[in-house]
Structures are given as C-alpha cells and as structure tokens.
Amino acid sequence: MPEDTRARQRTATGLGLLLALVLGAVLLTALPDDGEREGGGTCAPHSVASWKADDGLTAEFARYGDDPARTDDWTGGDGTHSVRLPDGRLLWLFSDTYLGQVYAPPNPFGESHTWRDTTAPLVRNSAVVMRDGRLERTLATPLFPDPAPNQWRWPVAARVEPRSPGSSEQVLRVLLWVRTAGQAPWIYGVPTATEVATLSLPDLRVESVVKVFDQQLVPDPSRRVLFGTTLVEEDGWTYVFGGDDGQAASRPASHAFVARVPEGRLAEPGAWEYWNGSAWGRAGAARPRPVLGDGERKGVGSAFSVVRVRGTYVLFTMAAGTEGLTTVTSYWACSPTGPWHGPTKDFSPALPQGGQVAAYNPQTHPELSGDGRLVVSYDVNWLETGGAAAQLNRNVSLYRPRFVTLRLAPTR
C-alpha cells in the first residue's frame, strides 16, 4: 500500500469512529411505572442531576502531552479508556496516537497554539501510566502490534482479574478491536474481530493475544459486532458490551449488544456467553441479538459506556442527529440485557472554540469516581476528513481527552 494512502487511512480512523458515534441516534421513550421495573426497589430511573468540567484531569493530559523533554511519548490520542492496577497506578489506553516533538507557540501560522510538525509519528495504540494523579511515562508503542498487513488493533476496555478462576495471581486483560483497511464508507477500517490480550503484572508485558469473537465470515460489515467498548462487573461475572457500526444507508444507527464471562476467564473464547434475545448462549449457538437499537433512529454510537449505580445500569452515548456532535445523553436499565429506557437527560461539555470540531466516545472512569461523583471523558476531533491531520498538528490540544465530573440521581 502506498505510504500516502496508508497515512490518509490512519488520520481518518479517528474521524470514522467519530462519525459512527454521531450516527448513534436515540429516541425518547416513556419511563415505565413501578410494575415494569426489573429488580424491584433496588432499581430506579437515573439521570444526570448536575455536571461540571474536570479541569484538573484535562490539564494533566495537556501538561504531559506538551512536555518538550519528551520526543517519543504520547502527545495526543483518542479512544480513551482507563484501568486501576493492583499497585495503585492507573493505566490509560488509547487508540490512534500521535507521538513526536511538541513545540511551544506560536505555531507556523502565527497562532497561539502548541504544535507538532507533519513528520510526527502516528501509531495505532498506546498506553500511558499515571501515578498519584500524575502521568509518568508512555509504554513502548504500539503496545499491541498489527495482527496482519492492513490490519490494526485498537484497545478498548480492560480489567484486572485472576489468571484463572480461584488463582491468587492477577493479570491485566485488555479487550482489542481488530479492523481491516477498507474502502468508503469504511475509511476507518472494517470490523474484523474481538481479541483479549493478557499482560503480566506489575511489569505490563504482553504475554498473549487470543481471538474471542471472529466476524470475518459475516458478509455485511455493518452487521459485524465488536465487544469491549465497556465492562461492568457483578456477582462473579464480567458483562462485556459491544456494538455494530450501522454504516449501511438503511441502518443509520448502531445497536448495543452484551456478553458475559465468568471472572478469570476473559481470555477463554469458550467461556463467553452472548445474549440472544431470550437467553445466554455460546458463540455459534445463536447470533447475539441487540439489547438496544432499532437500526433506524434509536440506538447508540459504536463506542459508548455503561456504569452500575445503586442497582441501576446507566449507559452514556452521543445524542441523536446533529446534537451528536456536541451532546452526551444516557439510558438506564435494571439489567445488562435491558430493557433500556431513555434518553433521560442530555449535557453538552465544552469544546475548543473555533473550527469544525466535535465530541465523541463518552467513557466512564469508575476508578476515579466516588462520593456520588462520576468521572466521564470525551474525545475531540476535527470534522473535515481531508484536513484533519493538518489541523491536529497545527493545534495539538484538539486531539486529546477532556473530562467532566457529574452526579447521577434517581428520577420519577
């Protein structure tokens, strides 16, 4: 593949994910009465009661990314996920990532932006270590090498679990999305498979990568499902949420799906069970059925997040239509399999002023949350595909995560 073509595909991947998220539309549905709620009194409708920008976390990524002493570390990325390690460190996982030297303003256009030149490397994934609230170092990149020519891995959700059920040894499992280079509308890659990587602790060495859900034989790419956008742990199970990409013109919205795996067995393909609409079944027994989304106007973005609060599951995704460029909305349910109700309330976090920018990929970070507070990140990117790379180098603050802290409250 010519280098200029490969470069265009790389810089378009973040935009492709952004556009898929914008297409994740949702409809308002009526809240059920008490008789319809699963879980009895332990579950109730929840919505965002209040929120504010978390300037401290946002500034920490700006500080680290702008440090001129670093020439081969993270300077920007998207697909923001985090996981707490047993020794207290926090590991941040990113998809497409810029490295390279960052320069103080003014940029070559005379603007007051920190900038990087056009030769800055872009890799498919990265991981950054944080200790006591301060980012320390970037692990060797890419952390997860390409599985084959014209394919790449994006890390998504992760968790620490026993190496095997009942084991006292812990390892880090990282869910990976495999994508294959494709033509429009798949400029960000065709969904290919879900994998699980096992990393040793505490040194974070990649020991193995196992394919757990292969979608290569599904002929319609818009119906291929990738799992791992978010994880929820409950009663010895890890619930793994995923979605399709809904790129077909007849299916503008993505669907949400859910699988479950016993604790300690995320890296075992045979241990995974998928919700088929009425029961849990193993791969091949029945195709997974969506728990949210009608394929038309109701659905989610291909990257969304779920958290459990006081017995209620809350799902965050981008809002419907053009509001999906700026606005996060939420659903709630009493079970991972639904039914999911909402959206309940929207909020629009801050975006950089000027230019064609948009927010996407809302992700919760429970390990940073507490006392009724929930930390949520969102990514920012340039909308115009052709000029995205130039704009992200011209102003490096664009392609970095932002954070908000919100409070959820029961609603009636």
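**Strands, pocket and backbone of a predicted model**

Pro-202 is found in the loop between β11 and β12, where helices (H or I, at least four residues) and strands (E, at least two) are DSSP runs numbered from the N terminus. The structure is a predicted model, in which local features need pLDDT of at least 70 and side-chain atom pairs count only at pLDDT 80 or more, while totals for chains, interfaces and linings use all residues. Residues are numbered from 1 along each chain as its sequence is written, and side-chain values use heavy atoms, with hydrogens and water left out.

The protein contains three helices and 23 strands. Its average pLDDT, which is the predictor's confidence in each residue on a scale from 0 to 100, is 86, and 86% of the residues score at least 70. Over residues 1–40, however, the pLDDT is below 50, although this stretch has 106 contacts in the model beyond near neighbours in sequence, a contact being heavy atoms within 4.5 Å. Among contacts in the protein with a separation of 6 or more, 61% are accounted for by residues 24 or more positions apart. Of the 412 residues, 57% are buried, where buried means under 20% relative accessible area, exposed over 50%, and partly exposed in between (1.4 Å probe, protein chains only). The accessible surface comes to about 15900 Å², and 51% of this surface belongs to carbon and sulfur atoms; such areas come from the Shrake-Rupley method with a 1.4 Å probe, and for residues only the protein chains shown count as cover.

The loop that holds Pro-202 also contains a cis peptide bond, which joins Leu-201 and Pro-202 with an omega of about 5 degrees. The flanking strands, β11 (residues 190–199) and β12 (residues 206–214), run antiparallel and are joined by seven bridges, two strands being taken as paired if DSSP finds at least two bridges between them. Within this pairing, Val-196 stands opposite Val-210 in β12. The hairpin of β11 and β12 has six residues between the strands, and Leu-204 there takes a positive phi near 60 degrees. Most residues other than glycine have a negative phi, and most peptide bonds are trans.

A cis peptide bond with an omega of about 10 degrees joins Gly-342 and Pro-343, and Pro-343 is found in the loop between β20 (328–333) and β21. Arg-310, in the loop between β18 and β19 (312–318), has a positive phi near 50 degrees. Asn-361 has a positive phi near 55 degrees but lies in strand β21, and this residue counts as buried because its relative accessibility is 1%.

An open sheet of three strands has the order β2-β5-β6, with antiparallel pairing. Strands β2 (76–77) and β6 (122–123) stand at the edges and have a single partner strand each, so one side of each is left without a neighbour in the sheet. Strand β5 (residues 97–98) pairs with β6 over two bridges, and Tyr-98 stands opposite Leu-122 in β6. Gly-76 lies in the edge strand β2, yet Gly-76 counts as buried because its relative accessibility is 0%. Not counting residues up to four places away in sequence, Gly-76 touches Asp-96, Thr-97, Tyr-98, Arg-116, Tyr-399 and Arg-400. The C-alpha atoms of Gly-76 and Leu-398 are 8.2 Å apart in space, although the two residues are 322 residues apart in sequence.

Met-130, placed in strand β7 (residues 126–131), likewise counts as buried, at 3% relative accessibility. Its contacts, leaving aside neighbours within four places in sequence, include Leu-57, Glu-60, Arg-89 and Trp-92. Between Met-130 and Leu-91, which are 39 residues apart along the chain, the C-alpha atoms are separated by 6.2 Å.

The largest pocket holds about 590 Å³ of space. On a 1 Å grid over the protein atoms alone, a pocket is an open set of points where a 1.4 Å probe fits, with protein on both sides within 12 Å along at least five of seven lines, and lining residues have an atom within 4 Å of a point. Of the 30 residues that line this pocket, Leu-231, Val-307, His-365, Pro-366 and Glu-367 lie nearest its centre. The elements that give two or more residues to the lining are β3 (81–84), β9 (151–162), β13 (226–234), β18 (305–309) and β21 (357–364).

Key:
Points joined across faces, edges and corners; volume = space filled by probe spheres on them.
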